[in-house]
Amino acid sequence: MNCYTNNNTCELFANYSSSSSSSSSSSSSSSSSIVKFDLNSIFIFIQQPPLQNTATITTTTIATTTTTTATITTTTATITTTTTTTTVATRPIGVTVAGYGNGTSGTANNALNKPSGLAIGVDGSLYISDYYNSRVIQIQEGNLTGKIVAGTGISGNSVVQLKNPTGLALDASSNLYVSDDYNYRVMLWRKNSSAGILAAGTGASGTSLNKFSTTGGLKIDSQGNIYVVDHGNNRVMKYAQNATSGTLVASISGVVGSNNSLFDQPHELDLDENNSYIYIADLNNHRIQRWSPGATSGVTVVGVTGISGTNATLLNGPFSIALSMNETFLYVCDSGNHRVQRFQIL
């Protein structure tokens, strides 16, 4: 409950258990990490307990004592009741919002085949890279059947086709940018357009600054610059609007390594424009790197270079990342550990 003394009202927040409670007007040590007091409120939650929905389990144990005296046998039954409280974890329940939801793939507009990229429109609709169907599907909120907004569903390299799309990004005008992985290019599909426009790359694999060797994560900054993870070349590229060649902003083209100036299969990026940082998921080095503009090396902000693990400080093949809206937390898809981790940005 959150109870306000200024208007004598209370509001139920959630049914949480606490190891102990306090009847005083100041917070107790056992609940100080969960509640706090102010002038207008008896208490409010400031941190959700990791587990909720407690269940009380009563266990009854019967102990039998037998006493034998001559021909008389006396049996005494002692009943001991032990009450324990077990906290049961509340686990999130997923709701299928795209695809069949039964583990099968398909080609219909309500099916997917290895979805590999995701963007959310201003209207709440989902844009999904349908990798093996070589298309991008848009699904309106509350509807399981989508429409094709990029590609045709048939793999190809024409301006109306895609070949294994991965990263997606929407600009302020809801124009869609697509990492067209095995066409070695980024395509721009303007809103409601039936064909794409080449935005970056040439359509041929290579290591020069105007080419890619398989593309991954994709972001558009507020100035319209395109940032692309060229994971086949182990680098991150930046393309200005209408540019025919990119600028190397992270790593050395084509060189694999584990020092702070190199990557080993980077896959995704995100931008912190307030601080001019680029965050990059460095898959095989089991780390997240942060790069500043003009830097020749990055800084490891999450994970330990070259060491995978399951504890709270380690990663195992981080695949995708996303910054929180206020850019104080970094969320990491820790793919090898089958989990998503949240880290506070320092």
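Strands (E, at least two residues) and helices (H or I, at least four) are DSSP runs, numbered from the N terminus. The model is a predicted one, in which local features need pLDDT of at least 70 and side-chain atom pairs count only at pLDDT 80 or more, while totals for chains, interfaces and linings use all residues. Residues are numbered from 1 along each chain as its sequence is written, and side-chain values use heavy atoms, with hydrogens and water left out.

What does the largest nonpolar core look like? A nonpolar core is a set of buried Ala, Val, Leu, Ile, Met, Phe, Trp, Tyr and Cys residues joined through side-chain atoms within 4.5 Å. Buried, in turn, means under 20% relative accessible area, exposed means over 50%, and partly exposed is in between (1.4 Å probe, protein chains only). The largest core has 13 residues, and the members touching the most others are Tyr177, Val186, Phe212, Leu218 and Ile226. At least two residues of this core come from each of strands E13 (185–189), E14 (197–201), E15, E16 (226–230) and E17 (235–239). In soluble globular proteins, nonpolar side chains tend to be buried together.

Two loops are worth a look here. Threonine 215 lies in the loop between E14 and E15 and is buried, with a relative accessible area of 0%. Leaving aside neighbours within four places in sequence, threonine 215 is in contact (heavy atoms within 4.5 Å) with Thr166, Ser179, Asp180, Asp181, Arg185, Val228, Val229 and His231. Alanine 240, in the loop between E17 and strand E18 (247–250), is partly exposed at 36% relative accessible area. Alanine 240 is 17 residues from glutamine 223 in sequence, and their C-alpha atoms are 8.6 Å apart in space.

Next come the charges. The structure holds six salt bridges, each being a side-chain nitrogen of Lys or Arg within 4 Å of a carboxyl oxygen of Asp or Glu. One of them joins lysine 219 to glutamate 268, with the closest N and O atoms 3.6 Å apart. Lysine 219 belongs to strand E15 (residues 218–220) and glutamate 268 to strand E19 (residues 266–272), so this pair ties together parts that are 49 residues apart in sequence. Lysine 219 is partly exposed at 22% relative accessibility, whereas glutamate 268 counts as buried at 16%. Arginine 235 pairs with aspartate 230, the closest N and O atoms being 2.8 Å apart, and both residues are buried. Arginine 339 forms a salt bridge with aspartate 334, again with closest N and O atoms 2.8 Å apart. Here arginine 339 is partly exposed, at 22% relative accessible area, while aspartate 334 is buried at 0%.

Some charged side chains also sit over rings, a term used if NZ of Lys or CZ of Arg is within 6 Å of the ring centre and within 35 degrees of the ring normal. Lysine 114 lies over the face of tyrosine 131, 4.7 Å from the ring centre. Arginine 342 lies over the face of phenylalanine 329, at 4.1 Å from the ring centre.

How many aromatic pairs turn up in the whole structure? The search finds five. Rings of Phe, Tyr and Trp (its six-membered ring) pair if their centres lie within 6.5 Å; planes under 30 degrees apart count as stacked, over 60 as edge-to-face and the rest as tilted. Tyrosine 182 and tyrosine 184 make an edge-to-face pair, 6.3 Å centre to centre with 70 degrees between the planes. Tyrosine 277 and tyrosine 279 are also edge-to-face, at 6.3 Å centre to centre and 80 degrees between the planes. Tyrosine 277 is partly exposed at 24% relative accessibility, and tyrosine 279 is buried at 0%.

Finally, a word on the backbone. Most residues other than glycine have a negative phi. Serine 134, although not a glycine, has a positive phi of about 50 degrees; this serine is found in the loop between strands E8 (126–130) and E9 (135–139). Serine 174 has a positive phi of about 65 degrees and is found in the loop between strands E11 (165–170) and E12 (176–180). Serine 134 is buried at 2% relative accessibility, and serine 174 is buried at 16%.
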